[in-house]
Amino acid sequence: MTQSTHFPAASLEAVPYPADGLLSDDLRLNRDSAGTLSLESPDCPKSKAFFESTYADASPTINGQATTLEAAIKKATELFRDAKHPLLSGLATDVYGMRAVMNLAESTGSTIDHMNSKSSMKNILVMQNSGWYVTTLSEVKNRVDLLLVVGTDIVSYFPRFFERMIWNKEAMFTENTAERDIVYLGGRNLNTVPGVSPTGKQPNVLPCDLDKVPEVLAALRAIVAGKPLKADNIAGVSRQSLEKLAERLKAAKYSVVAWTGSALDFPHAELSIQNIVGIVQELNKTTRSAGLPLSGNDGDVTAYNVSTWISGYPFRNSYRRGYPDYDPYHYDTSRLLAEGETDILVWINSFNPERLPPQSNGPTIVIGHPGMQFKQSPDVFIPIAIPGLEANGAQFRSDSSVTLPLRKLRDTSLPTLADVLSSIESALKAA
């Protein structure tokens, strides 16, 4: 149950950053004779913090007291055995880890939900309700000539998006990527406006408050569809500006409308995403256009893809009845904990040590990043190897079209998530 292997000093190329939805796989790392990693290129603060973080291998704990891995697994098994409704949440892991989650969920009648499901469900609900036309990151890189960004600066979530996908030096179907048009809708709160081209071409900003974005999107959809619109000003954006944007979208050879579910933080945001989908649908009557829902941080795209291919449903899915039962409202982690409907929380978090488990009135098991520091010790804590750093694995990219392999880059004595969950499952079956 260990991942310990000797790793020689080396220069490592084409390394992906597994905790980011872009899965940028052009990283170059150096590994010295002691196994310490350093980021050589390109400059990426998030990747640097991820790969250069160092910590002593943490010990498993029971109620805050150090223990052995075997004792921690035994205690976790006992807690599972007494539970009537276990909740497996967090789920920040890779494909291998998520497969083990699904196996344990089915054998224990557990409910599953991801730490990012509040934002991810906005997209999933629209896709399930009406379908959508979305593109891939490769298509964006090679084809886009007009990018409309709704309600976000993108770089807060994906720092290298413009470098990797917009201002790339070569594109298969676009001669001069530096001339691509960038338009921000809802950029009033942007401290800086990302997306300045290498030649200095500035993006266009249609500023409005975030909570007014739904009104502006509805107006833009009406204009694109040729519907009459009497208002001269919509939430601070002039009708004339929206008409010009509509004409630019219609004239573009390949426009893309991008958003992040977490940035659209207002009630019923899924209806605004549905308006984006409607705009794209209308544009495709005369030209080419596509949506780009940007997600994938903390492995959320991986989690819902693995859950979907195994159970037929994304997260917020439960095996309490002995078969997959999907309910995007009832199986929300926050609601289950607030209403006391679960009697044990298992929080899984492989990537970001700052993503701590929510408060729970019942027992809490944390299986995750060895650098996690708790204000209140969980009943059981089992530190695990990090996929793409200390364990091999695989991860879905933001667009779900590519799965990249993750390599083990340095030594650890810690088990993988699959090791731990499989041991708990085996112990439960043997009892």
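I began with how open Glu52 is: at a relative accessible area of 26%, Glu52 is partly exposed (buried means under 20% relative accessible area, exposed over 50%, partly exposed in between, with a 1.4 Å probe and protein chains only). This is a predicted model, so local features need pLDDT of at least 70 and side-chain atom pairs count only at pLDDT 80 or more, while totals for chains, interfaces and linings use all residues. Residues are numbered from 1 along each chain as its sequence is written, and side-chain values use heavy atoms, with hydrogens and water left out.

**Entry: the partner of Glu52**

I then looked up Lys48, whose side chain meets that of Glu52 in a salt bridge at 3.1 Å, N to O (a side-chain nitrogen of Lys or Arg within 4 Å of a carboxyl oxygen of Asp or Glu). Lys48 is partly exposed too, at 39% relative accessibility.

Which residues of α1 are buried? I found Ser47, Phe50 and Phe51. They sit on the same side of α1, because they cover an arc of only 85° around the axis (taken from the directions from the helix axis to the C-beta atoms). Pro45 and Ala49 are the exposed residues on the face turned away from that buried side.

**Entry: the sheet under α1**

I followed the buried residues of α1 to what they pack against, namely β1, β2 and β3 (contact means heavy atoms within 4.5 Å). These 3 strands form an open sheet in the order β1-β2-β3, with antiparallel pairing (two strands pair if DSSP finds at least two bridges between them). At its edges I noted β1 (10-15) and β3 (37-41), each pairing on one side only. Neighbouring strands are turned by 30° against each other on average, direction ignored (axes are lines fitted to C-alpha atoms, for helices over the stretch in contact, and angles run from 0 to 180 degrees between N-to-C directions). Between β1 and β2 (residues 27-31) I found 4 bridges, and Ser11 stands opposite Asn30 in β2. Helix α1 (residues 45-52) packs on this sheet, and its direction makes about 155° with that of β3.

**Entry: other salt bridges**

My search of the whole structure gave 26 salt bridges. I picked out Asp298 and Arg355, at 3.0 Å, N to O. Asp298 lies in the loop between β14 and α10 and Arg355 in the loop between β17 and β18, so the pair ties together parts that are 57 residues apart in sequence. Asp298 is buried at 10% relative accessibility, whereas Arg355 is partly exposed at 25%.

**Entry: nonpolar cores**

How many residues are in the largest nonpolar core? I noted 40, with Leu88, Met98 and Leu421 among those with the most contacts inside it (a core is a set of buried Ala, Val, Leu, Ile, Met, Phe, Trp, Tyr and Cys residues joined through side-chain atoms within 4.5 Å). Helix α3 (residues 95-108) supplies the largest share, 7 residues. Leaving aside residues up to four places away in sequence, Leu421 touches Gly97, Ala100, Val101, Leu104, Ile348 and Ile367. Apart from this core I found another of 33 residues, including Ile223 and Leu249.

Technical notes: Helices (H or I, at least four residues) and strands (E, at least two) are DSSP runs, numbered from the N terminus.
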